[in-house]
Amino acid sequence: MAETLEQRALRKAREREERQKAAYRAMHALQKDSDRSVALVGAALIDAELEAALYRFIIPTEASEKAAQKAFGSNGAMSSFSAKIDLGLMFGVYEQPVADDLHTIRKIRNEFAHDLDAHDFTLKPVADYVRRLKHITNFIEAGDGRHQLAQPYPGGAVFTVNLSDEDLSGRKFFLQSIIFFWGALWSAAPLGPHPVLNWKPPETTSP
């Protein structure tokens, strides 16, 4: 028997709740894990949540879900992290600066996955890649040694985190970026511009 729309909605809600719990456990464990684990697992969290966000931008029919499962499945046309990032930009899930940062996260993951000498966020080219993560800085208010990240969510909620100078570079900044983008993707939905993913700098007018 085909799944009803109500049954599908309930299933998706359960999957979303379980995915959230698993992500929270993983992010908590990453606080003490190795740099390689932070890069690989962190990128995997973004990859999985991006795929979930893309599903929400697909018209929910039995045929479309089967096609999506095939595309995102093993060896599917959209199975790679890179393809999903480009698809998210095409669907309007986020703007180009977010896509650029997600590709940077992908490149950092690849360095740790394919280069045995890449074991530390302070080494090149990983350290250079981390410095390219720019979008999160639009939401950080700088202070004297202390900074505040204010992450807005749809509906007006704002999640704030206090950061030190040390948190703005290397491993800690990468991990904070993972948490930042995971939260934004988790709340992405085709209901209008997202306050993080579709954020654009305010236009300036000439005097």
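Predicted model: local features only at pLDDT ≥ 70, side-chain atom pairs only at ≥ 80, totals over all residues.
Biologist: Which strands pair with β2, and in what sense?

Modeller: Two strands pair if at least two bridges are found between them. Here β1, residues 140–141, and β2, residues 146–152, are antiparallel and share two bridges. β2 also runs antiparallel to β3, residues 158–164, and seven bridges join these two.

Biologist: Which residue is the bridge partner of I140 in β2?

Modeller: I140 has L149 as its partner. On the β3 side, H147 stands opposite L163.

Biologist: What do the side chains do along a strand?

Modeller: In a regular strand they alternate between the two faces of the sheet.

Biologist: How many residues lie between the strands in each hairpin?

Modeller: Four residues separate β1 from β2, and in that hairpin G145 has a positive phi near 85 degrees. Between β2 and β3 there are five, and G155 in the turn has a positive phi of about 95 degrees.

Biologist: Which residues lie nearest the centre of the largest pocket?

Modeller: They are K12, E15, A52, Y55 and R56, out of 17 lining residues. The space in this pocket is about 400 Å³. Helices α1, α2 and α3 each give at least two lining residues, with the largest share, eight residues, coming from α1. By type, the lining has eight nonpolar, one polar and eight charged residues.

Biologist: Which helices each supply at least two residues to the lining of the second largest pocket?

Modeller: α6 (126–131) and α7 (170–186) do. This pocket holds about 220 Å³ of space. Its lining has 13 residues, with V130, R131, L168, S169 and G170 nearest the centre. Six of the lining residues are nonpolar, four polar and three charged.

Methods:
Residues numbered from 1 in each chain as written. Heavy atoms only, no water. 1 Å grid on protein atoms, 1.4 Å probe; cavity = no way out; pocket = protein on both sides within 12 Å on 5 of 7 lines; lining within 4 Å. Points joined across faces, edges and corners; volume = space filled by probe spheres on them. Nonpolar A, V, L, I, M, F, W, Y, C, P; charged D, E, K, R; others polar.
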